[in-house]
Amino acid sequence: MTEKTTHGAATPDEHLDASKPHALEHITVVDFTRVLAGPTCTRMLADAGARIIKIERPGTGDDTRQMGPFASDGTSEYYRFANLGKESIALDLKDPGDLALVESMIAEADVVVENFRPGVMARLGLDPAKLVQEHPRLIVCSISGFGQYGPLHMQAAYDTVIQAISGIMDATGEPDGGPTRVGTSISDILGGIFGYCGVVTALAARERTGKGTTVDVAMLDATFATLEQGLMDSLGVHKRPHRIANRHPSMAPFDTFSCSDQLVAICVGNDHLFGILAETLGKPELATDPRFATNVDRMDNQADLKAAMEEVLRTDTAAAWHDRLEDAGIPVSLILNVDDTRRLEQIKVRGMVKDVDGFQVPGNPVKFGSYNSLGTMIPSPELNNRSDALRAEFVPHAHLMNHADVADHADHTDRTDRTDRASHAGHHR
């Protein structure tokens with residue numbers, strides 16, 4: 001019997017057991033994605049054990065192969081992080097033979113994922129809806145900046161563009177400062193995560209119905225849907241939200257606070273915890289002060305409360321206050337640089353940094369009890385590393401593509417290739 005922790009979760013040894021079967025090891029994915037949004041989706045599928053066949057541009061491959069930071073061997077960390085566990089083949093989709101090979105792969109695949117601009121797949125002769133009609137069990141996931149329809153669907157999309165239009169940039173920063181980009185490519189990553197969710201939901205539905213489907217994920221939709229407090233304000237109470245820096249919009253004290261040396265994050269979500277906080281600060285009278293007696297009172301007087309707390313907190317270091325507050329059961333944290341976070345024992349125990357082929361990479365955040373939680377241990381592929389094997393495995397059938405049709409697709413693709421490289425959804429910020 002597997003040992004369990006006091007919270008019922010699987011033990012670290014169980015979570016990092018590489019011998020366990022993967023949840024999606026029976027799934028084959030043809031991956032047309034580039035840069036970040038789409039590759040995030042297919043990287044997650046790879047971590048779940050799916051076979052990912054990545055179609056890359058001959059000569060240069062995925063754009064991120066030329067994007068830094070670069071490791072000591074000259075390879076791109078950007079490419080490595082987003083493409084672990086995949087097989088690479090370089091194909092010219094304007095070439096009749098290569099396109100027929102792709103169609104042969106799709107005929108045997110479970111999933112296709114692409115993040116071109118809307119319409120590009122159709123111009124290649126690989127229209128998602130028609131692919132599902134041809135192969136009724138196939139799931140085709142399209143990830144783009146604005147989705148496959150709507151007045152903005154053909155607009156070029158980069159992560160920062162989506163952050164700007166979604167509202168997340170306006171929501172981030174100091175009240176008297178300007179809008180601030182979130183410190184990661186959050187819209188790209190959310191597009192990838194929601195793409196993964198869409199694919200696995202469609203796979204679950206296929207088990208029941210036998211039917212595949214298209215999946216349409218927009219980075220704008222994904223980002224917009226996460227703005228819970230702003231949407232509560234604007235949709236619920238019809239109030240225009242404004243930036244409030246690090247404090248919580250409906251709980252206090254719930255903010256970052258100055259100590260003698262640096263900031264500390266303190267989060268108090270109810271009156272009971274506030275009483276404990278007041279005692280730990282050596283100011284029990286704060287809990288009975290009419291200005292701070294309830295959360296509503298504290299929200300109405302949050303500036304006064306923060307000033308009273310910081311008067312005490314500035315008498316000692318953030319680390320000292322962190323230890324006192326944590327011992328008292330108050331949710332609290334020092335504010336770490338990611339280079340410090342990666343060294344935490346918690347991160348190590350959870351397998352969130354792992355060594356693959358001599359390089360450190362992010363681990364798999366999804367932990368299963370019965371299935372492999374370690375995620376893929378296959379390194380990101382060299383360009384075209386599986387060309388011969390894949391060409392031998394997926395021999396095109398003559399009926400798959402009419403050469404005259406291919407020439408027509410190629411003509412259309414010639415006209416879109418130059419713009420597509422710079423404008424597909426999920427591009428580098």
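Pro69 sits in the loop between strand S2 (51–56) and H3, and helices (H or I, at least four residues) and strands (E, at least two) here are DSSP runs, numbered from the N terminus. This is a predicted model, where local features need pLDDT of at least 70 and side-chain atom pairs count only at pLDDT 80 or more, while totals for chains, interfaces and linings use all residues. Residues are numbered from 1 along each chain as its sequence is written, and side-chain values use heavy atoms, with hydrogens and water left out.

**Cis bonds and positive phi**

- Back to Pro69: the peptide bond from Gly68 to Pro69 is cis, and its omega is near 5°.
- Ala252 and Pro253 are also joined by a cis peptide bond, with omega at about -5°. Pro253 lies in the loop between H10 and strand S7 (254–258).
- Ala245 is found in the loop between H10 and S7. Its phi is near 60°, which is a positive value in a residue other than glycine.
- You'll find Asp357 in the loop between strand S10 (353–356) and S11, and it counts as exposed because its relative accessibility is 58%.

**The largest pocket**

- First, the rules: on a 1 Å grid over the protein atoms alone, a pocket is an open set of points with protein on both sides within 12 Å along at least five of seven lines, whereas a cavity is a set of points where a 1.4 Å probe fits but cannot get out. Lining residues have an atom within 4 Å of a point. Grid points are joined across faces, edges and corners, and a volume is the space filled by probe spheres set on the points.
- The largest pocket holds about 1300 Å³ of space.
- Its lining has 37 residues, and the ones nearest the pocket centre are Arg43, Phe81, Thr184, Ile189 and Pro362.
- Two or more lining residues come from each of helix H2 (37–47), helix H3 (77–82), helix H8 (186–209), helix H15 (338–341) and strand S11 (359–362).
- Which element gives the most to this lining? That's H2, with five residues.
- Sorted by class, the lining has 20 nonpolar, ten polar and seven charged residues. Here Ala, Val, Leu, Ile, Met, Phe, Trp, Tyr, Cys and Pro count as nonpolar, Asp, Glu, Lys and Arg as charged, and the others, Gly among them, as polar.

**The second largest pocket**

- About 980 Å³ of space lies in the second largest pocket.
- There are 35 residues lining it, and Ala171, Gln229, Gly230, Pro241 and His242 are the closest to its centre.
- Helix H7 (159–166), helix H9 (219–225) and helix H10 (228–236) are the elements that give two or more residues to this lining. H10 gives the most, with seven.
- By class, this lining has 15 nonpolar, twelve polar and eight charged residues.

**Cavities**

- How many cavities of 30 Å³ or more does the structure hold? It holds two.
- The largest cavity has about 90 Å³ of space.
- Residues lining the largest cavity include Arg247, Met251, Phe257 and Lys306. Ala252 and Pro253, the pair with the cis bond, also line the largest cavity.
- S7 and helix H13 (302–313) are the elements that give two or more residues to the lining of the largest cavity.
- That lining has seven nonpolar, two polar and three charged residues.

**Nonpolar cores**

- A nonpolar core is a set of buried Ala, Val, Leu, Ile, Met, Phe, Trp, Tyr and Cys residues joined through side-chain atoms within 4.5 Å.
- The largest nonpolar core has 26 residues, and Val29, Leu45, Val111 and Val113 touch the most other members.
- The elements giving two or more residues to this core are H2, S4, strand S5 (139–144), H8, strand S6 (213–218) and H9.
- Leaving out residues up to four places away in sequence, Leu45 touches Leu24, Val29, Ala50, Ile52, Val113, Tyr196, Val199 and Val200 (contact means heavy atoms within 4.5 Å).
- Another core lies apart from the largest one and has 25 residues, among them Ile89, Ala109, Leu124 and Phe394.

**A buried asparagine**

- Asn115 is in the loop between strand S4 (111–114) and helix H5 (120–123). Asn115 counts as buried because its relative accessibility is 1%.
- A polar atom of the Asn115 side chain lies 3.0 Å from the backbone nitrogen of Arg34.

Note on methods. Buried < 20%, exposed > 50% of the residue type's maximum accessible area, 1.4 Å probe, protein only. Polar contact = N/O pair within 3.5 Å; in protein donor to acceptor, adjacent residues only side chain to side chain.
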